[in-house]
Amino acid sequence: MPQTNKFKSAGASSAAQAACPDRGEALRDPNAPPGDSGGDDNQGDPQIIKSPSDPKQYRYIELGNGLRALLISDLSGLDGKTEDDEDSEEEEEEEGGEEEEEEGDSGEGTDEESEEDGDSQDSDFEELDEDNDRKKKKGSEKQSAAALCIGVGSFSDPNDLPGLAHFLEHMVFMGSEKYPSENGFDAFLKKHGGSDNASTDCERTIFQFDVQRKRFKEALDRWAQFFICPLMIEDAIDREVEAVDSEYQLAKPSDSHRKEMLFGSLAKPNHPMSKFCWGNAQTLKTEPKEKNINVYKRLREFWKRYYSAHYMTLAVQSKESLDTLEEWVREIFSQVPNNGKPKPDFSDQLSPFETPAFNKLYRMVPVRKVHALTITWALPPQEKHYRVKPLHYIAWLIGHEGTGSILSMLRRKCWALALFGGNSETGFDQNTTYSIFSISITLTDEGFQNFYEVAHLVFQYLKMLQTLGPQQRIYEEIQKIEANEFHYQEQTDPIEYVEDICENMQLFPKEDFLTGDQLMFEFKPEVISVALKLLTPEKANLLLLSPEHEGQCPLREKWFGTQYSVEDIQQHWRELWAGDFDLNPSLHLPAENKFIATDFTLKTSDCPDTEYPVRIMNNDRGCLWYKKDNKFKIPKAYVRFHLISPVIQKSPKNLVLFDLFVNILVHNLAEPAYEADVAQLEYKLVAGEHGLVIKVKGFNHKLPLLFNLIVDYLADFSAAPDVFSMFAEQLKKTYFNILIKPEKLGKDVRLLILEHSRWSTIQKYQAVLDGLSVDELMEFVSSFKSELYAEGLVQGNFTSTVSLLTFYIKLQFKKLSVEVPVLFRVVELPQKHHLCKVKSLNKGDANSEVTVYYQVKLFCVFLHGWHYINRFFFFFFFFYSCFIIVAAVLYHVYPTCRNTSGVLGFSVTVETQATKFNTELVETKIEEFLVSFGEKMNSLSDEAFKTQVTALVKLKGCEDTHLGEEVDRNWTEVVTQQFVFDRLSREIDALKLMTKAELVNWFMGHRGEGNRKLSVHVRLPEGSKMSLYGEVSKLTFLPASTLLASVTTITDIQAFTSTLNLYPYHKILK
């Protein structure tokens, strides 16, 4: 599929009656949005084109120092309250609540990675994860947010200090002259329900934060000091070098980062693309000391030279009038200095890859088990053609998956599993010196053996496009889809929105700040043709990844240690591609898309409106929940089903067969459903723990067509022998790639201990190694489809009479003969500390993981369910705001509330480098923090406690930014069969009743004598000798060091858990 535009808004859509400005339908005047637009103090800028569904007001200003700002006023959803009403209400809640702030936990704020991948269903329910503390409540206030982009990045790094721009991005968080507390900004945000982050790209550096509206002006002033007068404390340099080095170490096992660094090394030696942009301890500490370089002095010089107001673009969004926002921005940001020097310009350094190193075949050993071919061209910069978007047009065709496409042909040969083409629009892919166009194909074993033939098929398709020339019909079809998505776009989280916009302001003129990255404005075949003609075999570079290359790649990339080799493209193919080779008659352009919606009318409710979903169907084969959307008022809908089956969890073999079934079903659907996919009717099939999850969303007009197509292919499932073999082999790689990640292995071990009758990924890996047959798969599928319980949720622009009965008619399943729980039973941990320490399964990954987990007594949930849940939420909100002992020496640190099949617990997880700290030392640091945290919490004043509670109530009460957030929350209740749709409001009510004494007693009670504590360590032992692709079919248990000599170690999970009591099945319902 084509790589999506970088800043696509959330939600799916399609198009037909385009609302594109150059197609005769003017977009709505920005001064007349739906909803409350304010008065004279809220007059927007009519030149800025925005979506008709966007209720926000926009105003562009330029300060005297050259800083450019976009003010975004969002007065929608105030529910009749005036700003003064809300302010006074907050003041009453927070009166006396200010106390000296805690110092924060890291230099640049935390944007923790979610522990789980996407939608994979897991009994360790993620709705209690810290990522979901931001779940919303209807009618409450959105966060205020700001983002600032500086038109300088790692391209400006001095040659003798690689990574300095990235390092400076960290260091400006270390206090300012006005607010000298180190990491004080992070602490302020967390105290008031906010978050922040920053990132460094090739030519841009972005900072962003969000916070409760009440504290927005103060937060702006604190944040602006990064750019006005940062302290950049000299004593903090070594600590922040460690933070930068930790980022680098954690990134090293990533194949995508390795590919980028290897590709960058092919650039001309003096081109900025060849620089090491990450920075690490070697470049920022060791080598500068050896060369007598004063890093602190150079940092300050770099800040003074490059953090200049006239390089900066700022976007701020809040529920304030535009006049108020303008007053604040002028007052605060006019102090940012302007050095009067021209902005760094690299546009004269074109064609960085016109070198002998390019147009070769590079073989690379990946970290994961994967075969992949990446074909890359380095083109002249394409940003100036944003109104035409030639690369987007080409990528749309290259990435097409319908009949006549490259991937369709490769799938029929069982040579490929996926294809992505285009330009990601990151600084690496697109900057002022070049634009990348790449095609990445995930190959099967057979495809790897025939990779030259795969490349030839790609070149044949490109030659066909060059021969036919740009097609206006296809361009206008893409244009319609993109325009209608923009026309009916759902609102996004403010912090994400301002981050996107402030970068757009560096790239596009004012009128296109909101549209420049999303709309196809004008069809210019000559512009597209120029780009197409450059995509020839003789200008392409080939990169082939495969585990088969291990031992055959003598070269090492300098910074990530990637093993690779380089060779000329085989003479036969080189000569063939240099000539006038034949086209493939099976390749052709896509036909007209029948899934593009044309009806965007909003349905009239056919039943009373409800705040929460209601059950409109309920029988022994399933139930269906429904809610008509009358809040967001967009012509879109969501349909989700969970098909629960008793056969999935019977054995590891059945789990593998289930994974195969879902993978092959997705494969079978790929071609017929692709037209719906490009029309932005999204679908997803997920192999859950206890059933198949079907998700579809998009414009409601054509959504039933897509849903029925999925049901048809499910009912008539088939698996060709070659397709079965292809996916069975791929599944081995998938399981392997999960197990070599320390964080995944740690999770697998933790849940294997806690959940009774759970099968591990290692057991699944062994089952697929033992061999499976097509007959076994078809027998499993028949058994799966014979007995089901189907739970569904329909929400959005549908009436209650929406016809989904074909679902039950086509599948013709019987009711379940026995009830199937949607969760596991959980063991009751002993009242002592147990440790399970296992060997990491990836020699090339220097990262370790430590998780310390405390299980909460079940009777507490029965007696005080809601109170205890909210103690979790409050505990971790406060926990983040003062996590300093551990974070001072470690990088990825995150506390988490655990809901393991209804049994609550809390944990602290730390990812660090095995070369720096052994796991036992990490655990002692966690314990040191927990002790000090208990003391700090006990000494907390009542005023400070009230402030924390108020902040968390505000955080949890943030209104939904789009329909999908509401759907996700309701779906969690359906898929876990709890159906407490007002859970969020109950949690908030319970929070308001919580006392400090209760929280302290709760924490001390679970930390004291008789606590149920489980530690899981994953580490690669020193001197471990094994292949990069070593044995992963069994766990290797390691002894604890003397630091944890008193701990009881687990060396046989089954023997340990077989002696433990089991909690009953439990749901948190009251």
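Rings of Phe, Tyr and Trp (for Trp, its six-membered ring) form an aromatic pair if their centres lie within 6.5 Å; planes under 30 degrees apart count as stacked, over 60 as edge-to-face and the rest as tilted. In the structure shown here, one aromatic cluster is formed by Phe173, Phe185, Phe207, Phe209, Phe216, Trp223, Phe226, Phe227, Tyr307, Trp328 and Phe333. The model is predicted: local features need pLDDT of at least 70, side-chain atom pairs count only at pLDDT 80 or more, and totals for chains, interfaces and linings use all residues. Residues are numbered from 1 along each chain as its sequence is written, and side-chain values use heavy atoms, with hydrogens and water left out.

The chain as a whole comes first. Its secondary structure comes to 31 helices and 26 strands, where helices (H or I, at least four residues) and strands (E, at least two) are DSSP runs numbered from the N terminus. Of the 1070 residues in the chain, 63% are buried; buried means under 20% relative accessible area, exposed over 50%, and partly exposed in between (1.4 Å probe, protein chains only). Contact means heavy atoms within 4.5 Å. Among contacts with a separation of 6 or more, 85% join residues 24 or more positions apart.

The structure holds 54 aromatic pairs. One of them is the edge-to-face pair of Phe600 and Phe699, at 5.0 Å centre to centre and with 75 degrees between the planes. Phe600 belongs to the loop between helix 17 (571-578) and strand 15 (614-619), and Phe699 to strand 19 (residues 691-699), so the pair ties together parts that are 99 residues apart in sequence. Both Phe600 and Phe699 are buried. Another pair, Phe906 with Trp1002, is tilted, at 5.5 Å centre to centre and 45 degrees between the planes. Phe906 lies in strand 24 (residues 903-913) and Trp1002 in helix 30 (residues 996-1007), so this pair links parts of the chain 96 residues apart. Phe906 is buried at a relative accessible area of 1%, and Trp1002 is buried at 2%.

Rings also receive charged side chains. A charge sits over a ring if NZ of Lys or CZ of Arg is within 6 Å of the ring centre and within 35 degrees of the ring normal. Lys56 lies over the face of Tyr497 at 4.6 Å from the ring centre, and Lys413 over the face of Trp415 at 4.9 Å.

The next element is a sheet. Strands of a sheet pair through backbone hydrogen bonds, either parallel or antiparallel. Two strands count as paired if DSSP finds at least two bridges between them. An open sheet of seven strands has the order 10-11-9-12-8-14-13, with mixed pairing. Strand 10 (416-422) and strand 13 (555-556) stand at the edges with a single partner strand each, so one side of each has no neighbour in the sheet. Strand 13 pairs with strand 14 (residues 563-567) in the antiparallel sense over two bridges, and Leu555 stands opposite Tyr564 in strand 14.

Finally, Asp255 is found in helix 6 (residues 255-264) and counts as buried at 6% relative accessibility. Beyond its neighbours within four places in sequence, Asp255 is in contact with Met364, Pro366, Val367 and Arg368. The C-alpha atoms of Asp255 and Leu545 are separated by 9.4 Å, although these residues are 290 residues apart along the chain.
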